[in-house]
Amino acid sequence: SVTVDRVTGFWIRSPEAHTFPLMGEAPDYDTPMTFDPGYQLVTYPFPAEVALTNSMIGANAVDNDTIYVLDDTGDYEGHTYYEGAGWYDDNGLSELVFTPGMSFWYRRAGSTVTFDETVPYTL
């Protein structure tokens, strides 16, 4: 078995379709996250669906921070934060929802930021 940090994203390359189960306890505490300038591979740290705009990830963005999500066609879709306007993708206001196990690239345009991602549920 392999231990995976809840805030570090990852991909698995498999030569054929396969389901990889992830197991663990649902955390009931806020999770510290740090984004440094540049790119980092990240995952939303809770087993719940949460809109980008309802997350602390989204709330701690600075102008031109961008999230890149791999879509079903194998291309990346960008979601960029514009100071004073919010998160946008190619179609307008971003409707990005983090789903359990979803990894993404986060490009931090500003300086290092550390924050606590809030638990989105009660146990």
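The legends below describe close-up views of one predicted model.

**View 1. The whole chain and its elements.** The protein chain has one helix and 10 strands, where helices (H or I, at least four residues) and strands (E, at least two) are DSSP runs numbered from the N terminus. From the N terminus on, the order of elements is β-β-β-α-β-β-β-β-β-β-β. Of the 123 residues in the chain, 36% are buried; buried means under 20% relative accessible area, exposed over 50%, and partly exposed in between (1.4 Å probe, protein chains only). Residues are numbered from 1 along each chain as its sequence is written, and side-chain values use heavy atoms, without hydrogens and water. As the model is predicted, local features need pLDDT of at least 70 and side-chain atom pairs count only at pLDDT 80 or more, while totals for chains, interfaces and linings use all residues.

**View 2. The open sheet.** Six strands, in the order S2-S9-S4-S5-S6-S7, form an open sheet with antiparallel pairing. S2 and strand S7 (92–93) are the edge strands, each pairing on one side only. Two strands pair if DSSP finds at least two bridges between them. S2 is joined to strand S9 (residues 103–108) by six bridges, and Gln40 has Tyr106 in S9 as its bridge partner.

**View 3. Two hairpins.** S4 and S5 run antiparallel and are joined by five bridges; here Leu70 stands opposite Tyr76 in S5. Five residues lie between the strands of this hairpin, and Gly74 takes a positive phi near 90°. Three bridges join S5 to strand S6 (residues 86–89), also in an antiparallel arrangement, with Tyr81 opposite Trp87 in S6. The hairpin of S5 and S6 has three residues between its strands, and Gly84 in the turn has a positive phi of about 85°.

View 4. Tyr44 sits in the loop between strand S2 (38–43) and strand S3 (50–51). Tyr44 counts as buried because its relative accessible area is 3%. Met33 is 11 residues from Tyr44 along the chain, and their C-alpha atoms are 9.9 Å apart. Asp72 belongs to the loop between strand S4 (66–70) and strand S5 (76–82). With a relative accessible area of 85%, Asp72 is exposed.
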